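Here's a quick tour of one chain, from the overall picture down to a few individual residues. Keep the model open alongside as you read.

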Amino acid sequence: MTNEKRFEAVLIATRLRQMLTKDPAHLSQDSYREDLDTLQDEDNLRIMIESVGGKLIQDEPEYDENGNIIKPARNYVVRTENGFIIYFKQEDGEHFPYLSILHELGHAFMHMRDKEAGYTMYCDGKDSTHDEAWVFARTLAMPRKFFEEIAIENFKDDKYHLKGIIETYKEDYFQIQTRGLELNIWK
Ligand SMILES: [Zn+2]
C-alpha cells in the first residue's frame with residue numbers, strides 16, 4: 001500500500017470520527033472508551049452506519065432441505081442508489097465482528113463512491129484494497145493516542161502483554177499485533 005493511500009485512509013477515518021463523535025485529538029480516555037463501547041455494540045454501530053447513509057444486515061447461511069449449508073454467510077458490501085449495505089457474518093460464540101464491519105465501511109468510503117448501484121465487494125480475497133480497508137477500520141477503532149495509552153497500561157516486566165489489549169478491543173490477536181506494528185509500538 002502506498003503512503004498516500006494510507007494517509008488518505010487515515011484522513012477519511014479521522015473525518016468520519018469527527019463527524020460521528022468528536023475530534024479524537026481533544027477526546028479524553030474516558031470518552032474514547034465510550035466510543036469504543038459504541039463501536040462494539042451492534043445496535044449502536046448500526047445507528048452510526050445509518051447516520052452516514054448505510055445499512056447493516058447480518059448475512060445468514062443458506063441451507064438445503066437436509067439442513068446442510070450450501071452457501072456460508074459472508075462479509076460484503078453493496079452499493080445502492082443512495083448509499084450502501086454492509087452484510088456481515090457472525091460466527092457462533094465469537095465476538096461481535098465490529099472491526100470487519102468497519103472494514104466494509106472503509107470499502108464503502110474509499111472504493112465504491114464512483115460505482116454503480118449493485119456493485120458488490122466480497123471480502124474473502126486478499127488484495128491491496130482489503131489491506132486499505134483494514135487500515136481504515138483499525139485507524140477508526142484504534143486511534144494512535146488511545147492505542148498507545150492502552151498498550152502502555154499493558155506493559156509490564158519489559159514487554160507488552162497483548163492479552164489485556166485484546167480484552168479491551170474484543171478483537172483477534174492478529175488485529176492487535178498488526179496495529180502495534182503499524183504504529184511502531186513493537187516490532
Ligand atoms: Zn475487504
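This is a predicted model: local features need pLDDT of at least 70, side-chain atom pairs count only at pLDDT 80 or more; totals for chains, interfaces and linings use all residues.

## The chain as a whole

Of the contacts in the chain with a separation of 6 or more, 63% come from residues 24 or more positions apart; two residues are in contact if their C-beta atoms, placed from the backbone, lie within 7 Å. The secondary structure comes to 8 helices and 8 strands, where helices (H or I, at least four residues) and strands (E, at least two) are DSSP runs, numbered from the N terminus. Buried residues account for 27% of the 187 in the chain. Here, buried is 20 or more other C-beta atoms within 10 Å of a residue's own, exposed is 12 or fewer, and partly exposed is in between, with C-beta atoms placed from the backbone.

Residues are numbered from 1 along each chain as its sequence is written.

The average pLDDT (the predictor's confidence in each residue, from 0 to 100) is 88 for the chain, and 87% of the residues score at least 70.

## Helix H5

Helix H5 (residues 128-141) is largely enclosed by the rest of the structure, because 10 of its 14 residues are buried. Among them are Trp134, Phe136 and Leu140, but also Glu132 and Arg138.

The end C-alpha atoms of H5 are 20 Å apart, which agrees with the 20 Å that its 14 residues should span at 1.5 Å a residue; the expected span is 1.5 Å times one less than the number of residues.

## H7 against H8

Helix H7 (residues 162-169) packs with H8 at an angle of about 110°, their axes 10 Å apart. Axes are lines fitted to C-alpha atoms, for helices over the stretch in contact, and angles run from 0 to 180 degrees between N-to-C directions. That makes H7 roughly perpendicular to H8 (65 to 115 degrees; under 35 is roughly parallel, over 145 roughly antiparallel, the rest oblique). H7 brings Leu162, Ile165, Ile166 and Tyr169 to the contact, and H8 brings Tyr173, Ile176 and Gln177.

## Two positive phi values

Most residues other than glycine have a negative phi. Asp157, in the loop between strands E7 (155-156) and E8 (159-160), has a positive phi near 50°. Asp157 is exposed, with 5 other C-beta atoms within 10 Å.

Asn184, in the segment after helix H8 (173-182), also has a positive phi, about 60°. Asn184 is exposed too, with 8 other C-beta atoms within 10 Å.
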